[in-house]
Amino acid sequence: FHEAAWVVLAAGCWSGSIPGVPPLSVEPRRGQAFAVAGSLVHRTLSTQRVYLVPHSTGETLVGATVERAGFEVANTVGGLQQVIEAAQEALPPLADCHFVRAWAGLRPSTPDGLPVLGPFAQLPNLIAATGHFRDGIQLAPLTAELVRHVLSQPVEVSGRQVCVGASIGIAVSGHAESADELVRAADLAMY
């Protein structure tokens with residue numbers, strides 16, 4: 001083992017099953033999706049049951065189920081059928097498209113649907129950044145900034161003060177005065 005001032009727990013749906021880590025209620029939710037040839041939409045089309053996203057390859061990505069399937073990452077006929085039916089209802093021309101491929105993945109889910117962010121009371125040098133469910137891509141810049149902020153706080157390691165924030169995190173200058181400013185700063189860091 002190596003001594004570290006901070007450890008960031010960002011293990012997705014596996015975050016709740018790491019030995020030695022305080023218990024976390026983070027579980028996997030399987031999502032099944034597929035791609036068809038052709039650009040059926042020019043921007044994301046989303047309903048309560050399905051979303052269709054244009055891809056730079058000229059394909060349209062269609063997804064996705066939300067299933068309790070443990071850590072099983074596999075497509076099922078029933079899961080894909082559910083997505084296909086919802087997609088055809090939203091966009092009937094989909095029925096004539098050529099099927100390209102299907103995939104399945106796991107999303108980290110929490111009981112209240114909110115991510116787990118920040119230090120653990122039992123291990124204050126362990127920072128959680130997990131449980132983002134379907135919003136991980138959108139929340140990544142803000143999560144990185146929040147973790148960077150925690151990492152920039154001095155901590156005592158082996159009897160000496162250490163501050164690691166200067167070398168870790170995303171490049172966002174200044175300090176946010178409000179949550180809105182923090183969101184704007186994190187958004188700007190993506191570009």
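Tutor: One term before we start. A nonpolar core is a set of buried Ala, Val, Leu, Ile, Met, Phe, Trp, Tyr and Cys residues joined through side-chain atoms within 4.5 Å. Keep in mind that this is a predicted model.

Student: OK. Which residues make up the largest nonpolar core?
Tutor: There are 12 residues in it. Among them are Phe 34, Val 50, Val 62, Leu 80 and Leu 94.

Student: Which elements give two or more residues to this core?
Tutor: β2 (27–37) and α1 do. The most come from α1, which gives 4 residues.

Student: And what does Val 50 touch?
Tutor: Leave out residues up to four places away in sequence. Then Val 50 touches Leu 45, Val 62, Gly 63, Val 83, Ala 86, Ala 87 and Ala 90.

Student: Let's zoom out. How many helices and strands are there?
Tutor: The chain has 3 helices and 10 strands. Along the sequence, the pattern runs β-β-β-β-β-α-β-β-β-α-β-β-α.

Student: How much of the chain is buried?
Tutor: Of the 191 residues, 35% are buried. The chain exposes about 11,600 Å², and carbon and sulfur atoms supply 57% of that.

Student: New topic. Where is Ser 15?
Tutor: Ser 15 sits in the loop between β1 (7–9) and β2.

Student: Buried or exposed?
Tutor: Ser 15 is buried, because its relative accessible area is 1% and the cut-off for buried is under 20%.

Student: What is Ser 15 in contact with?
Tutor: Beyond its neighbours within four places in sequence, Ser 15 contacts Leu 9, Ala 10, Leu 24 and Thr 130. With Thr 130, there is a polar contact between the two side chains, at 2.9 Å. The Ser 15 side chain also reaches the backbone nitrogen of Ala 11, at 3.2 Å.

Student: Now the backbone. Which peptide bond is cis?
Tutor: The one from Gly 63 to Ala 64, with omega near -15 degrees. Ala 64 is in the loop between β5 (59–63) and α1 (77–90).

Student: And what is phi for Phe 133?
Tutor: Near 50 degrees, a positive value in a residue other than glycine. Phe 133 lies in the loop between β8 (126–130) and α2 (136–151).

Student: Why does Phe 133 count as partly exposed?
Tutor: Because its relative accessibility is 25%.

How values were computed: Residues are numbered from 1 along each chain as its sequence is written. This is a predicted model: local features need pLDDT of at least 70, side-chain atom pairs count only at pLDDT 80 or more; totals for chains, interfaces and linings use all residues. Side-chain values use heavy atoms; hydrogens and water are left out. Buried means under 20% relative accessible area, exposed over 50%, partly exposed in between (1.4 Å probe, protein chains only). Accessible areas come from the Shrake-Rupley method with a 1.4 Å probe; for residues, only the protein chains shown count as cover. Contact means heavy atoms within 4.5 Å. A polar contact is a pair of N or O atoms within 3.5 Å; within protein, one must be able to donate a hydrogen and the other to accept it, and residues adjacent in sequence count only if both atoms are side-chain atoms.
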